[in-house]
Amino acid sequence: MKANLSVGKGAVCLLAAVVLAIFILIPVVQVSAAEAYKVGAVFSVTGRASFLGDPEKKTAVMLQEEINKKGGINGHLLELVIYDDEGDSTKCALAVRKLISQDKVCAIIGPSLSGLSLAVLPEAEKHKIPLVSCAASYKIVTKNAETGEQWKWVFKTPQSDSMAAEAIYTHMKKHGISKVAIMSGTTGFGASGRSELLRLAPQYGITILADEKYGPKDTDMTAQLTKIKGKAPQAIVNWSIGPTQVVVVRNRQELGMSNIVLYQSHGFGSRKNIELAAGAAEGVYCPLGACNIAEVLPPAHLQKKVTMEYLKAYKAKYNEALSSFGGHAWDALAMVTKALGAVGSDKAKIRDYLENLKGYVGQHGVFNFSPKDHNGLTKEAFQMVVVKNGDWALTD
């Protein structure tokens, strides 16, 4: 009897183990059996704009891992196909075509740069695939500036340069600044920002005393700043990305122009720029998104929770500071993921879902897309900050 009882217990244990194994395996089978959702990404991970693309790629990879650890999207794993365009428009165009024709992705996030985004948006329109750019120019989504008509398949997550210009001019007006000099790079980002500064100046009572430009590889802006110094403006607005914006900061200090207030665009949104300026950036103003200043946002701020979660996860994984640019990739991929969860991988349905997405709390604002607005943000998505003690600080 004891022997038979022992055998019976063993059989029961074996059966229980088999049943348990089946239950454990079921979720795995469900996830792996469903076809992965393939999303493409094109970032300038290396090259002249690597300070944009590197945090964008890191953020997208981190978000993909977080989503898949939770079982994917309705049982579908998220598969990111990422290419590095190296800041080159030809390589960017080739990457986008490859994502569409070879990789068969259902949506694309990126590119990092305005000029590259403008270059590839016709591909998105031609092949009818949703593209969510991580670059700033309003022209990326605006097909007709006069009517406001939007490109059908193209969206973007960064606040537009027009919003940044409005945020800067609003701050100037509040502080009695009306005589201004402009400096801008000759890149797509710089040219678009300069255009908006000139266009919006009359609306805010701003007089432009000087309008200087420089190339993306220039290493000395002393000549432009010396001309500006002779015009005696109350403030300078510099609009560029990359090392040139730091050169402007350092040259301004070397020329003894610290009495002239310096505003940078939202392209200055990386703490690395403050470090590279080696103290010369103290007192510099710029408009930035909430994710740059998550720790100093008030507890009741609508974006406090989502920005703090991103901040903690990014620092834990990469042990480096956040920048605006990673936040743009976070917003792009998070919203595409939300669309996949709601409507699946059909390209037209993803486009329609994004176009009607309302109240989405992201890293750079609360997004409200519509057929007339494929950016979905307002100038209120910016916080005016000042560099203080080597870090960002909120200002009035």
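Reply: Rolling a probe the size of a water molecule over the atoms shows where empty space is left. By this rule there is one cavity of 30 Å³ or more; a cavity is a set of points, on a 1 Å grid over the protein atoms alone, where a 1.4 Å probe fits but cannot get out. The model is predicted: local features need pLDDT of at least 70, side-chain atom pairs count only at pLDDT 80 or more, and totals for chains, interfaces and linings use all residues. Residues are numbered from 1 along each chain as its sequence is written, and side-chain values use heavy atoms, leaving out hydrogens and water.

Me: How much space lies in the largest cavity, and which residues are closest to its centre?

Reply: The largest cavity holds about 160 Å³, a volume being the space filled by probe spheres set on the points, which are joined across faces, edges and corners. Of its 21 lining residues (an atom within 4 Å of a point), Leu 52, Cys 134, Ala 136, Phe 189 and Phe 325 lie closest to the centre. Helix 11 supplies the largest share of this lining, three residues.

Me: How is nonpolar packing read?

Reply: In soluble globular proteins, nonpolar side chains tend to be buried together. Here the largest nonpolar core has 95 residues, with Ile 109, Tyr 169, Met 172, Tyr 263 and Leu 340 having the most contacts inside it. Such a core joins buried (under 20% relative accessible area, 1.4 Å probe, protein chains only) Ala, Val, Leu, Ile, Met, Phe, Trp, Tyr and Cys residues through side-chain atoms within 4.5 Å.

Technical notes
Buried < 20%, exposed > 50% of the residue type's maximum accessible area, 1.4 Å probe, protein only. 1 Å grid on protein atoms, 1.4 Å probe; cavity = no way out; pocket = protein on both sides within 12 Å on 5 of 7 lines; lining within 4 Å. Helix = DSSP H or I, 4+ residues; strand = E, 2+ residues; numbered from the N terminus.
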